[in-house]
Amino acid sequence: MSKTAEVINGKDLSHELKMEMKQEVAQLEKEGIVPHLTVVLVGEDPASKSYVSGKQKACTETGMSSDLIKLDETVTEEELLKLIDKLNHDNHVHGILVQLPLPKHIAEQKVIEAIDPSKDVDGFHPVSIGRMMIGEDTFLPCTPYGIITMLKSKNIEISGKHAVIVGRSNIVGKPVGQLLLNENATVTYCHSRTKNLREFTKSADILVVAVGKPHVINGEDVKEGAVVIDVGVNRIEDGSLTGDVDFDSAKEKASYITPVPKGVGPMTITMLLKNTIKAAKELNRK
Ligand SMILES: Nc1nc2c(c(=O)[nH]1)N[C@@H](CN(C=O)c1ccc(C(=O)N[C@@H](CCC(=O)O)C(=O)O)cc1)CN2
C-alpha cells in the first residue's frame, strides 16, 4: 500500500519567508527605504475586507508600511482611475494593490491597466504578464508565484513533468501554467469545456486545481505519486473552509499535497510582500 502524502504547509513556509523578509526590510530601512504598499478596497465584501487586513498585518509584521484607501461601493470608474493616477505619481507609494473583485459597474481590466507597471505588485498588468511569458524578471502574480515557491521549498522536480492545470483564470490558472512552462514542465490546461477531465488529471505529475468549487477533484482523479496543489478557498454551509480537492481521498494517492486552509492562501499574501520589497528597491534605484 502507498503511504499518504506529505502536506506542504503554506502557513509555516510563509512564516519562514516573512522572517527572512523582515531582515531584508530592516537592512533597507538603514538605507532610508521603507517599502510602502497602498491597498485600495472598494465596497464591503467580507472576504475582501479580511484579505486586505491580512495584507496590512503582514506588512506590519515584516516592518513595511501600508495604508488602506476604502472607497464606497458606488465609486465611479473615473474616480477610481483618478485615484490610481495620483498613487502612480506619489513617490512615497512603492506598490499599488486594488483588491478584486470590483463592483460590476467598474471594468476590472481597465483599472489593472491604469496601475504603473513599476508599482504593479499584484503582477496583473499586461506588461508584467508579458514579461513573465518571455521569462523576463518582473512582478509575478502572487498566487502562482506562491505555488512555484512551495514546490521549490520541497525540491520537487518540475522540469520534464506533466503539469495539469484545472481552471483558466487570468490571476491563477493561466499564469501558473506559464510559470510551470518556464520551469520546463509540459503543461495542459483543463477548464469547464474540457471533455473527459479525469483522463487529463490522472496523467498529471503536478496537478493544480483552481476552479473555486468544492471537491471537484478527488482521489480517483489523481495519479499515484502526483503532487496536488489546491488553490480553492470555498466557504461551505457549516461556515468552514474547504478546497477544490477532496483532501482526504487525494492524500492517499498523492506524494505531496497542499491543504485548505493553510496551503496556497497564506502564500498569496507573502509573495505580495516580496513584490513590494522588489518595487521599493527598484523605484529607489531610478
Ligand atoms: N488584488 C487581488 N485580489 C485578489 C487576489 C490577489 O492576489 N490580488 N487573490 C484573491 C484573494 N486573496 C488575496 O487577495 C487571498 C485569498 C486567500 C487567502 C488566504 O490566506 N486564505 C486562507 C484562509 C483565510 C480565511 O480563513 O478566510 C487559507 O487558505 O489558509 C489570502 C489571500 C482574490 N482577490
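Helices (H or I, at least four residues) and strands (E, at least two) are DSSP runs, numbered from the N terminus.

**Entry 1: ground rules.** I'm looking at a predicted model, where local features need pLDDT of at least 70, side-chain atom pairs count only at pLDDT 80 or more, and totals for chains, interfaces and linings use all residues. Residues are numbered from 1 along each chain as its sequence is written.

**Entry 2: Val233.** I looked for Val233 and found it in the loop between strand E8 (227–230) and strand E9 (234–235). (Buried takes 20 or more other C-beta atoms within 10 Å of the residue's own, exposed 12 or fewer, and partly exposed is in between; C-beta atoms are placed from the backbone.) Setting aside residues up to four places away in sequence, Val233 touches Leu241, Val260 and Gly265. For contact, I need two C-beta atoms, placed from the backbone, within 7 Å.

**Entry 3: Asn234.** Asn234 sits in strand E9. Asn234 is partly exposed too, with 16 C-beta neighbours inside 10 Å. Not counting residues up to four places away in sequence, I noted that Asn234 touches Gly212, Lys213, Pro214, Leu241, Thr242 and Gly243. I also checked Asn234 against Leu140: they are 94 residues apart along the chain, and their C-alpha atoms are separated by 24 Å.

**Entry 4: what UniProt says.** An unreviewed UniProt entry puts the annotation "binding site" on Gly167, Arg168, Ser169 and Val233. UniProt positions are in the numbering used here, feature names are shortened, and annotations may be inferred rather than shown by experiment. The unreviewed entry also lists residues 141–282 as "domain: Tetrahydrofolate dehydrogenase/cyclohydrolase NAD(P)-binding". Over residues 141–282 I get 35% helix and 17% strand, with the end C-alpha atoms 17 Å apart.

**Entry 5: Arg168.** Arg168 is in the loop between strand E5 (162–166) and helix H7 (173–182). Arg168 has 17 other C-beta atoms within 10 Å, so it is partly exposed. Leaving aside neighbours within four places in sequence, Arg168 is in contact with Gly173, Lys174, Tyr189 and His191.

**Entry 6: the ligand.** How many residues surround the ligand? I get 20, and the closest are Tyr51, Leu100, Pro261, Gly265 and Thr268. A residue is near a molecule if its C-beta atom, placed from the backbone, lies within 6 Å of it. Helix H2 (46–61), strand E4 (95–98), helix H6 (142–153) and helix H10 (264–285) each supply at least two residues of the shell, and H10 gives the most, with 4 residues. The shell divides into 11 nonpolar, 7 polar and 2 charged residues. (Ala, Val, Leu, Ile, Met, Phe, Trp, Tyr, Cys and Pro count as nonpolar, Asp, Glu, Lys and Arg as charged, and the others, Gly among them, as polar.)

**Entry 7: two domains.** The domain assignment, whose bounds come from an automatic or database source, gives domain 1 (33–116) and domain 2 (141–265). Their centres, taken over C-alpha atoms, are separated by 28 Å. Why does the ligand lie between them? Because both domains give residues to the shell around the ligand.
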